[in-house]
Each structure stands twice: as C-alpha cells, then as structure tokens.
Amino acid sequence: MTDAGTSGGQIDTGKPHSARMYDYYLGGKDNYPVDAEAAEQVIFLFPAAREMALTNRLFMHRASRLLAGRGVRQFLDVGTGIPTEPNLHQIVQEIAPQARVVYADNDPIVLRHAQALLHSAPEGKTAYVHGDVREPGKIIAAARETLDFTQPVALSLVALLHLVGDEDEPGRIVRELLEPLPPGSYLTLSHATGDFDPETWERVVEVYRKGGTAAQVRTRDEFSAFFTGLELVEPGVVPAARWHPELGEQRAGGDKGEEMPLYVGVGRKP
C-alpha cells in the first residue's frame with residue numbers, strides 16, 4: 001500500500017536544489033540545467049563528488065539493513081531526495097515486508113516521484129510528507145498518521161544536516177525530531193566535513209549558498225554532538241566506508257571510499 005502526502009508547490013527551475021543536484025551526482029535524469037551547472041561547479045572543486053554521493057547512498061543501504069535486522073519495523077527518512085532504486089523501503093521490506101516507511105522532503109519534484117514510485121510491499125506501508133526539516137513538528141505530526149510512536153522508529157537524516165546552517169539550529173531540529181520517539185529508536189546520520197581539506201569545502205559550501213541552500217560542513221566533534229544522549233552503534237563516528245562494510249556493497253574503488261570526507265554514525269535512544 002502506498003499513500004501520498006500533502007501536495008507541494010511549483011517546481012522552481014530558476015535556482016538549483018540540493019535534491020536535484022544529488023540526483024545529478026548519482027547519474028539521474030530528474031534535474032534541470034541550473035542543477036547540473038551548480039553540480040558541475042562542485043565537481044570542478046571536488047572531483048570525487050559523484051563518488052561521495054554513491055558512498056553516502058551505500059551507507060544508507062547498510063544502516064537500513066542493520067536496523068531492520070535488529071527488529072526495527074518503522075522508518076522516518078527526512079530529506080529523502082529523488083527516489084533512486086533501491087529506496088530505503090525496498091531495502092528494509094526485503095528483510096521485513098511489514099515495515100512502515102515515511103519519507104519527507106521539501107522539493108515538489110520529489111513529491112511527484114513519490115506519488116509514482118514509492119510502492120510498498122503489500123504487508124507494509126509507505127507514505128510521503130512534503131515538509132521542511134526546519135519545521136520538525138509538522139513532519140512528526142504527519143508521520144504519526146502512518147507510524148506508531150509507541151514502538152521504535154529509525155529516524156534517518158542522511159546527507160541532510162550539512163544542508164542546514166547553524167542559523168537554523170540543526171541541533172534543535174535533531175532534538176525535536178527525536179524527542180517524541182520512544183526508547184529503542186535510532187538516529188542515522190551522514191555529514192560532509194571539511195576536516196581533510198578546509199579550503200576546498202569552503203568553496204563547495206559557497207556554491208550551495210549562492211544557489212540558496214544554507215550548506216555548512218562540520219568537524220567530527222560537531223557531527224558527534226548530534227548524537228548527544230544516544231548510545232552509538234559500533235564502530236561509532238567514522239568515515240562512511242568504514243561503517244559495517246560487511247553489510248553490503250561498497251562504492252566502486254573499494255578502500256578509497258574511506259578517504260571520502262563524509263562522517264557517518266547510528267545512535268540508539270536509551
């Protein structure tokens with residue numbers, strides 16, 4: 001069964017959108033010239049941008065498998081982006097067909113594809129919420145229509161918080177999304193960092209900010225702070241390719257994925 005969420009606004013093709021730029025990095029077709037132009041500026045500055053997007057995607061697959069294997073049957077994926085198979089619900093419903101998944105994003109093009117493509121296993125359910133992460137209360141309220149908040153929920157903010165500037169209080173956003181979730185729930189995060197090449201990432205951030213996205217890379221310590229009060233799943237906060245490589249495919253090129261400036265982690269709410 002598949003449900004659609006509330007309708008979004010018109011697609012703005014006059015400025016780049018992070019979801020459509022990510023689609024471009026992954027080789028998708030659901031982007032516009034303005035997105036491709038901005039993405040190519042990023043690739044010029046950081047040639048491994050496509051590789052990093054794939055590394056991130058494969059981390060999401062592995063984290064979802066791990067949590068489904070631990071018995072989690074409800075997932076809230078905020079900042080889902082344009083659907084790219086396999087999607088999170090396809091990963092977890094392969095393990096647990098009864099799993100319920102709610103996706104949330106703020107780009108109308110994502111809504112368009114959600115309505116057409118997010119087909120759940122018959123035993124489970126998927127839903128899409130058109131919402132802005134800066135308004136976490138609205139996302140939670142909509143998610144309650146599909147998810148049972150008396151049972152654990154895996155909250156996924158994959159490759160999202162580096163698109164939220166400090167001015168929008170990402171720490172508060174994470175806390176407000178986690179607060180209504182019961183003990184035994186999980187938080188899955190990935191985040192670009194400038195730790196290894198600050199100059200390049202200052203320039204990459206500027207590309208996004210010029211396009212209207214409040215991008216901001218963070219240090220390992222700043223990223224780790226999002227897990228305050230949670231129990232980190234081993235191996236803790238690490239570069240993406242080092243996180244449970246046994247759980248699934250790594251990006252093409254193998255060990256070099258460890259060099260991607262992308263921290264990841266999964267924490268459990270005690």
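The legends below describe close-up views of one predicted model.

In this predicted model, local features need pLDDT of at least 70, side-chain atom pairs count only at pLDDT 80 or more, and totals for chains, interfaces and linings use all residues. Residues are numbered from 1 along each chain as its sequence is written, and side-chain values use heavy atoms, with hydrogens and water left out.

**View 1. The largest nonpolar core holds 53 residues.**
A nonpolar core is a set of buried Ala, Val, Leu, Ile, Met, Phe, Trp, Tyr and Cys residues joined through side-chain atoms within 4.5 Å. Buried means under 20% relative accessible area, exposed over 50%, and partly exposed in between (1.4 Å probe, protein chains only). Tyr25, Val42, Phe59, Leu67, Phe75, Trp243 and Val266 touch the most other members. Helix α3 (residues 49–69) supplies the largest share of this core, nine residues. Helices (H or I, at least four residues) and strands (E, at least two) are DSSP runs, numbered from the N terminus. Leu67 touches Val72, Phe75, Ala154, Tyr186, Thr188 and Val266, residues up to four places away in sequence not being counted. Contact means heavy atoms within 4.5 Å. A second, separate core has 31 residues, including Val78, Ala127, Leu157 and Phe226.

**View 2. One cavity of 30 Å³ or more is found in a search of the whole structure.**
A cavity is a set of points, on a 1 Å grid over the protein atoms alone, where a 1.4 Å probe fits but cannot get out; lining residues have an atom within 4 Å of a point. Grid points are joined across faces, edges and corners, and a volume is the space filled by probe spheres set on the points. With four residues, α3 gives the most.

**View 3. Helix α4 (residues 88–95) has buried residues Leu88, His89, Ile91, Val92 and Gln93.**
These buried residues pack against α3, β1 (74–78), β2 (100–105), β3 (125–130) and β4 (154–158). Val101 sits in strand β2. At 0% relative accessibility, Val101 counts as buried. Beyond its neighbours within four places in sequence, Val101 contacts Phe75, Leu88, His89, Val92, Lys125, Thr126 and Ala127.

**View 4. Ser190 lies in strand β5 (residues 186–192).**
Ser190 is buried, at 1% relative accessible area. Its side chain makes a polar contact of 2.5 Å with the side chain of Asn56. A polar contact is a pair of N or O atoms within 3.5 Å; within protein, one must be able to donate a hydrogen and the other to accept it, and residues adjacent in sequence count only if both atoms are side-chain atoms. A polar atom of the Ser190 side chain also lies 2.8 Å from the backbone nitrogen of Ala159. Beyond neighbours within four places in sequence, the contacts of Ser190 include Phe59, Leu157, His162, Phe223 and Tyr263.

**View 5. Phe196, Phe223, Phe227 and Tyr263 form one aromatic cluster.**
The structure holds five aromatic pairs. Rings of Phe, Tyr and Trp (its six-membered ring) pair if their centres lie within 6.5 Å; planes under 30 degrees apart count as stacked, over 60 as edge-to-face and the rest as tilted. Phe223 and Phe227 have ring centres 5.6 Å apart and planes at 90 degrees, so this pair is edge-to-face. Phe223 and Phe227 are buried. Phe223 and Tyr263 have ring centres 6.3 Å apart and planes at 20 degrees, so this pair is stacked. Phe223 lies in helix α9 (residues 220–224) and Tyr263 in strand β8 (residues 262–268), so the pair ties together parts 40 residues apart in sequence.

**View 6. Asp35 lies in helix α2 (residues 33–45).**
Asp35 counts as buried, at 0% relative accessibility. Its side chain reaches the backbone nitrogen of Tyr32 at 2.8 Å. Beyond neighbours within four places in sequence, Asp35 contacts Lys15, Pro16, His17, Arg20 and Met21.

Key:
1 Å grid on protein atoms, 1.4 Å probe; cavity = no way out; pocket = protein on both sides within 12 Å on 5 of 7 lines; lining within 4 Å.
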